[in-house]
Amino acid sequence: MSQPPPVRASLFVTCIIDQLYPEVGVSVVRVLRRHGVDVDFPEGQSCCGQPLYNSGFTQEARRLAIRTLDALAGSDYVVVPSGSCGAMMRVFYEDLFADDAENLERAQQLGSRVYEFTEFLAKVLGVADDVTGDDAAGGDATGSEKVTYHPSCHLLREMRVRESPRRLLSGCSGVALVDLPEAEQCCGFGGTFAVKYPHISEEMLADKLATITQSGADTITACDMGCLMHIGGAISRQNLPVSVRHIAQILDGEQA
Amino acid sequence: MAEVVTRQFVPASQAAVKDVQLRQALRRAGSGFDGTRREAIAEVSEEVWEGWREQARKIKEHTIGHLDYYLAMLERNVAAAGGQVHFARDARQANAIVSEIARRNGVKTVTKSKSMVSEELGLNHVLEANGIDVFETDLGEYIIQLAEETPSHLVAPALHKTRGQVAQLFAEQLGVPYSEDIEEMARVARVALRQKFLEADMGVSGANFLVAETGSLVIITNEGNGRLCTSAPRIHVGLAGMEKVIPSLQDLAVFLRLLPRSATGQRISSYVSMVTGPKRAEDEDGPEEFHLIIVDNGRSRLLRDPALRESLYCIRCGACLNVCPIYQRVGGHAYGWVYPGPIGSIVTPGLVGVAEAKDLPNASTLCGACRDACPVQINIPRMLLHLRHQQAESNDENERTSSDTDKLLARGFANVMSSPLLLKLGRTVGRAVSKPLAKSGKIGETRLPLISRWTQARDLPVPAERSFRQRWRDELSKDGR
């Protein structure tokens with residue numbers, strides 16, 4: 001019997017990971033390869049355009065979106081370690097190119113191939129299929145790292161990925177997933193919102209930190225480095241004893 | 001029209017987030033309403049609920065898509081039932097029509113049941129200026145009328161007030177002994193209002209729905225005050241935004257399931273009143289005249305704009321306010337006009353003009369909780385984005401939010417991200433600039449403009465020594481296959 005051909009996927013690493021958190025991208029590649037994925041990194045990529053799009057700069061956002069469409073044109077699958085950038089490509093490109101038939105078609109084509117990292121592991125590769133129930137909280141936590149998960153808004157409500165991150169974490173040895181109270185509340189990042197309306201953003205952030213502390217977790221994780229930069233920035237400022245890691249780093253660590 | 005102070009959003013919200021009592025009141029009410037809403041949905045099952053939302057959405061799409069047709073049908077059927085429909089282009093005209101009805105009938109006292117449109121029109125002030133006494137009879141509205149405030153929530157107008165504040169208000173304004181007992185406070189209000197219900201010459205109500213096929217005005221209340229306002233006085237004036245019309249009673253059934261559950265988590269409200277025309281010959285009581293004022297006041301602008309049209313599907317349940325992390329922290333008054341929260345951030349710029357309300361579409365993280373809570377599936381985040389685009393790229397200087405610096409920054413960012421060379425250069429510059437500011441790889445508090453708005457509460461990472469793309473070239477691309 002011959003082996004099935006390996007799944008081929010392009011990594012869209014996101015500009016924030018590329019520039020600020022390259023180690024997260026390295027973990028993503030390692031985890032994908034461990035699951036037999038043939039990973040490539042189209043070098044023409046940079047930013048998906050979301051920061052500009054969300055600030056109202058449609059023209060400039062289109063320039064970056066077209067670059068992204070070009071860079072990822074030949075890929076079978078596109079894996080994005082961010083719900084936010086993933087949502088931009090899958091959901092908002094269609095609005096961005098509503099008046100541009102040619103690029104709209106390319107955007108829709110791309111949208112059907114884009115997966116957020118955990119979504120790709122769960123849906124395409126079938127990882128964590130055998131983990132039953134979505135909640136390992138309350139399991140034997142002795143000696144394990146207590147991890148709590150913050151569902152980022154665009155992953156949850158635009159990409160509609162709710163279960164796969166928790167299932168993957170539950171299936172991870174050495175990890176005890178603990179519940180985050182009011183988990184689905186926004187952390188207050190919202191891109192430029194955090195600097196345009198810092199007084200509101202900081203209130204939201206303070207509540208998120210309080211629930212993280214309440215959860216008793218050693219580690220806070222999420223599928224988006226934007227949210228984690230925001231949450232982690234405050235954890236660092238306040239010297240809280242909580243480590244901040246992207247979910248890929250935790251999944252990478254499981255057999256490291 | 002009601003005063004618009006939306007330009008004050010930033011200072012107003014800065015004050016609001018520091019108001020501990022407000023935060024407490026918001027937290028209690030928000031989680032309370034949202035909790036019962038979720039229970040009500042769970043009771044019928046998520047699947048059934050989605051089906052209802054789907055149906056409601058279709059009805060609204062259809063009706064708003066054929067608004068002229070259904071408004072004409074409504075007008076015919078109100079007239080057939082003996083009532084009269086008046087169309088008002090704007091607030092001034094609507095107020096003039098109501099004032100004229102009052103003048104013609106020698107009205108001295110008006111009782112009102114809750115109406116957000118009347119808040120929008122600023123009707124009370126106009127009637128009072130004509131020497132008419134106006135009494136709000138919804139308990140929450142009564143409280144804020146006594147306090148000379150405006151509503152801060154679509155269904156719970158006095159939500160921003162704590163129990164103690166209301167007790168204090170009643171003691172001062174009504175001369176009753178201070179009591180925080182809710183039943184006692186309700187009793188005090190009931191006694192004060194009972195006399196007014198009997199005295200009133202004219203009752204003014206809002207409308208939750210207008211049924212075109214029967215010419216009926218439907219109001220949904222929990223206190224029974226709406227029924228008294230619409231039946232006891234000689235004249236009943238109903239006020240409604242023109243988007244309130246639905247085709248048939250069958251359609252009403254769909255919304256009667258959705259509205260109370262979304263607003264308060266109730267399966268049905270205590271009262272559902274349908275008013276069809278004035279008193280008929282065979283009726284023992286009821287008003288002698290029935291007037292329905294249908295208000296445009298900017299709505300036709302929303303109707304014409306395909307990107308914002310769905311804001312007219314709103315049934316004012318308030319569910320989006322209860323789940324909104326921004327509303328929950330700044331409260332309703334910070335929004336500066338009648339309609340607060342996520343839907344207010346669309347409707348306010350839509351009705352009073354983008355130039356007056358520039359902050360509202362921007363003061364959102366686009367978290368999407370509002371869209372998921374909306375019983376009519378209104379895509380609020382998408383409309384916020386649309387308004388942001390309109391503002392950033394507007395040719396009208398009054399509407400534009402972006403400064404020349406913002407534009408340069410946006411273009412600069414796009415340029416850097418479009419060129420591998422500039423990106424590399426940008427990194428080098430970024431690292432060189434941030435290095436002296438950073439301690440152990442992070443930038444702490446700093447006075448640098450813009451960055452300080454981040455670092456006042458959060459540390460900021462500096463660009464990594466090697467970017468991911470560099471590491472891909474150096475290591476990862478090689479040990480792949």
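1. A:Asp70 has a relative accessible area of 45%, which counts as partly exposed; buried means under 20% relative accessible area, exposed means over 50%, and partly exposed is in between (1.4 Å probe, protein chains only). A:Arg106 is also partly exposed, at 27% relative accessibility.

2. Some points on reading the structure. This is a predicted model, in which local features need pLDDT of at least 70 and side-chain atom pairs count only at pLDDT 80 or more, while totals for chains, interfaces and linings use all residues. Residues are numbered from 1 along each chain as its sequence is written, chains are lettered from A and ligands numbered from 1 in the order in which they are written, and side-chain values use heavy atoms, with hydrogens and water left out.

3. A:Asp70 and A:Arg106 form a salt bridge, with N to O at 2.9 Å; the term stands for a side-chain nitrogen of Lys or Arg within 4 Å of a carboxyl oxygen of Asp or Glu. Side chains of opposite charge can pair when their charged atoms come close. Over all chains the structure holds 41 salt bridges. Helices (H or I, at least four residues) and strands (E, at least two) are DSSP runs, numbered from the N terminus.

4. In chain B, B:Glu120 and B:Arg299 form a salt bridge, their closest N and O atoms being 2.9 Å apart. The pair ties together parts that are 179 residues apart in sequence, because B:Glu120 lies in helix H6 (residues 116-121) of chain B and B:Arg299 in helix H13 (residues 299-304) of chain B. B:Glu120 is buried, at 0% relative accessibility, and B:Arg299 is buried at 1%.

5. B:Arg280 and B:Asp283 meet in a salt bridge at 3.4 Å, N to O. B:Arg280 is partly exposed at 47% relative accessibility, and B:Asp283 is partly exposed at 25%. Elsewhere, A:Glu182, A:Asp207, B:Arg23, B:Arg27 and B:Arg329 are joined into one network by salt bridges that share partners.

6. At the interface, 68 residues of chain A are in contact (heavy atoms within 4.5 Å) with 68 residues of chain B. The two chains bury about 6000 Å² between them, 55% of it on carbon and sulfur atoms; buried area is the accessible area (1.4 Å probe) that two parts lose on being put together, summed over both. On the chain A side, A:Gln19, A:Tyr197 and A:Arg237 lose the most area to chain B, together 11% of what that side buries.

7. Between chain A and chain B there are 11 salt bridges. A:Arg237 forms a salt bridge with B:Asp459, with the closest N and O atoms 2.8 Å apart. Helix H11 (residues 198-215) of chain A gives the most to the side of chain A that touches chain B, nine residues. That side has 31 nonpolar, 18 polar and 19 charged residues; Ala, Val, Leu, Ile, Met, Phe, Trp, Tyr, Cys and Pro count as nonpolar, Asp, Glu, Lys and Arg as charged, and the others, Gly among them, as polar.

8. A:Gln50 lies in helix H3 (residues 50-54) of chain A and is buried at 8% relative accessibility. Leaving aside neighbours within four places in sequence, A:Gln50 is in contact with A:Ser84, A:Cys85, A:Met88 and A:His154.
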